Amino acid sequence: MKPMTQKSNADLTLSWSKRFSLTTRILAVNIFALALMVFGLFALDSFRTGLFEERLKTSRIKMDAIAEIITETPVDKRADYLVRIGEKNDSRIRLYDDKGEKVIDNFLISEPTYTLRNPDDEPIEKIAARYLDYVFNFLVLEPNLQSFEEPENDRLSAWEHAEKVTANNPYSEVRNARDLSPVIITIAKTMDGDFTLIETINAHDLRIKVRAERGRIFIFFLIVLTVSILLSLFLARTIVRPIRRLATSAVKVRLGRTAHVTIPRLPERSDEIGMLARALSDMSMTLRKRVELTQSFADDVAHEIKNPLASLRSALDGLENIKDPALSKQLLDVAKDDVRRMDRLITDIAEAGRVDSQIAMAQFEEINVITLIEDIIKNRKQRDDGKIIIFEYDKNISISIMAEKIRIERVIENLIDNALSFSPPNKPIEINASADHGVIMISVCDNGPGIKESDYEKIFQRFYSSRPEEDFGKHSGLGLAISRTIIEAHNGNIRAMQRPDKKSGACFEIILPAAESHE
């Protein structure tokens, strides 16, 4: 069975990553995938920015050179020169005089080298590509470029920035045509200031290059998506699968199958999943133990109540048939004794059932152990029960604990009653309190017959009693069990032992942590 369990839990364990916490792994996965995406987006933006800046720089240098050459070119040959330049660069070149009037336009002299497209007339694939451009521009946070439209009245004043351009200081910018293709505008002025040149280029090649780069980025995104899926599967293996297994086990526990459910503890994992698995496993075992104890307690209660009930039934049946007054009185006394016994038993059972829940809600306070025991002894003396109690402690130290006073008082009262019930008449019981290395020790010793070593643990079991036959029925057998529950709830321990001085009798020792202020 064990090898099978190990095999079934093998898929929940980790190898190299077990030394990292769950939080670290989640952060690493998300940051890694995010870094890949951000890198891809900025790579595209950087590529496009660099491409446009290089083209604008080239256009300014070229137009500065053309402006210098045009002044040295004879007037009758200037138009042919600009036509040749326009055909070579696939551009439209306009020449304006000092009054702002257009003198030469190569598009009016020869065939246009480009045509601005109407986006409404484009095929569906071009429209889809344009919308993808919108999406990618949004993702890289590209600033919106101005739209380019040919001026209706083609004068120099119709061109923005033209009046501010000076010789040897050309101006260039990029605008978007209606179909989102870039249009590069470059303005240059001749040295004498008499003419202004304006070149416009519909740079479809730049859009083609950007879209090609976008395709590479899209492939990169597919790689990122694949990596993210693989990393998600890794997270599913390290997180989702074990959590699902633990949740299934928890549901089985909820359905009452505690005895048949084994929650994997995952000892190989030191992260939060391992902590959760071990916590759930411990909780399941504690619940299983609690269920078993509850069942055992119920069985013991039923058994203990049956005895006085059987005796009571026999006494009542006998009363119906017996006419002798003396014998009837004897049977009536037996019935009354059985009723008292059941009443005492039910009271103790109810107390035992309440201890756990009440202790869990208790508010602990600092209690001086010496004062507490002295008050208990003083109250007993006021009742004048004739019992002798000797209390010894070191008067030079203060002994305090953090506890619920009424509960600790109940335990000490139980031990004193227990010791007095076993001690012969006129024989004292001895109480001692001391402190050592942060713990408080309280012992209650009697002068009775003592306890067998084999019974040291049995006497703390519910309903167990080692009393003589004549005392049968006078005690429920729950006092020591309740005392142990209370002491353990205070993070302490209680045990039975023989007297340290080897005399006849038994001792019960309580060990509790001292209050911090007195350590």
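**Helix H10 and the sheet**

I found helix H10 (residues 405-422) lying across S7, S9, strand S10 (439-445), S11 and strand S12 (506-513), at about 170° to S12. Contact means heavy atoms within 4.5 Å. Axes are lines fitted to C-alpha atoms, for helices over the stretch in contact, with angles from 0 to 180 degrees between N-to-C directions. Helices (H or I, at least four residues) and strands (E, at least two) are DSSP runs, numbered from the N terminus.

I noted that this is a predicted model, where local features need pLDDT of at least 70, side-chain atom pairs count only at pLDDT 80 or more, and totals for chains, interfaces and linings use all residues. Residues are numbered from 1 along each chain as its sequence is written, and side-chain values use heavy atoms, leaving out hydrogens and water.

I traced the open sheet as S7-S9-S10-S12-S11, five strands with mixed pairing (a pair needs at least two DSSP bridges). S7 (389-393) and S11 (493-498) are the edge strands with a single partner each, so one side of each has no neighbour in the sheet. S7 pairs with S9 (residues 429-436) in the parallel sense over five bridges, and Ile 389 stands opposite Ile 429.

**Helix H10 and H11**

I looked up the packing of H10 on helix H11 (residues 479-489): the angle is about 145° and the axes are 10 Å apart. Among the residues that meet are Val 411 and Leu 415 in H10, and Ile 482 and Ile 486 in H11.
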